[in-house]
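Me: I'd like a close look at one part of this protein, and a connected walk through what sits around it. Here's what I have on screen.

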Amino acid sequence: MRVLGVDPGLTRCGMGVVDGVAGRPLTMLGVGVVRTPADADIGHRLVAIERGMEEWLDAYRPELVAVERVFSQHNVRTVMGTAQASAVAMLCASRRGIPVALHTPSEVKAAVTGSGRADKAQVGAMVTRLLRLAAPPKPADAADALALAICHIWRAPAQNRLQQAVAAQHALKGRTT
């Protein structure tokens, strides 16, 4: 499975592509960030993120896009920018018919490091180890994007089995009533 992980942000939107399946060594295919100037108009910044996202989708052809789920922060301005960048990523993928999965920061940290409270350095170190890289990807947004992709690859099989079990349970209930 080839997954494009997106760590959304207006100034730096992390992008990372990982290929592999759960239980096997994973391969990093690409990592980087789409940058926009903080002093630019919001509309221009979102267009720049869209263009960058489209370039990544064209270059790597992912089967799925994993985006960090926006969570409440104290700084409303920051959370709004993150949500807007997240929406652009989801829109670009959905427009192409590519499935989108959302993962919370603590879910990603737990999947990659074993602790939902891991700091950025710990996430970077584990991404480096899991992908057999010479050094942690910089900036941290890039490492976080790779962590999102890894998280999805590892968690997707269990999530799919759970969804199938729930669907089967609902189908069974429908037949007995």
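Is D7 buried or exposed, and what is its relative accessible area?

Reply: Bear in mind that this is a predicted model. D7 is buried, with a relative accessible area of 5%. You'll find D7 in strand β1.

UniProt, in an unreviewed entry, lists D7 and D141 under "binding site". Leaving aside neighbours within four places in sequence, D141 is in contact with D7, R12, G14 and V33.

E68 lies in strand β4 (residues 64–68). E68 is buried yet has no salt bridge: K120, the nearest side chain of opposite charge, is 6.2 Å away. Besides D7, its contacts beyond four places in sequence include V6, H103 and L148.

Now for the sheet behind all this. Five strands make an open sheet in the order β3-β2-β1-β4-β5, with mixed pairing. β3 and β5 are at the edges with a single partner strand each, so one side of each has no neighbour in the sheet. From one strand to the next, the twist averages 20 degrees. β4 pairs with β5 in the parallel sense over 4 bridges, and V67 stands opposite L102 in β5. Helix α1 (residues 42–60) lies across β1, β2, β3 and β4, running at about 165 degrees to β3.

Methods:
Residues numbered from 1 in each chain as written. Predicted model: local features only at pLDDT ≥ 70, side-chain atom pairs only at ≥ 80, totals over all residues. Heavy atoms only, no water. Helix = DSSP H or I, 4+ residues; strand = E, 2+ residues; numbered from the N terminus. Buried < 20%, exposed > 50% of the residue type's maximum accessible area, 1.4 Å probe, protein only. Lys, Arg positive; Asp, Glu negative; His and termini not counted. Salt bridge = Lys/Arg side-chain N within 4 Å of Asp/Glu carboxyl O. Contact = heavy atoms within 4.5 Å. Pairing = 2+ DSSP bridges. Axes fitted to C-alpha atoms, helices over the stretch in contact; angles between N-to-C directions. UniProt positions renumbered as here; feature names shortened; annotations may be inferred.
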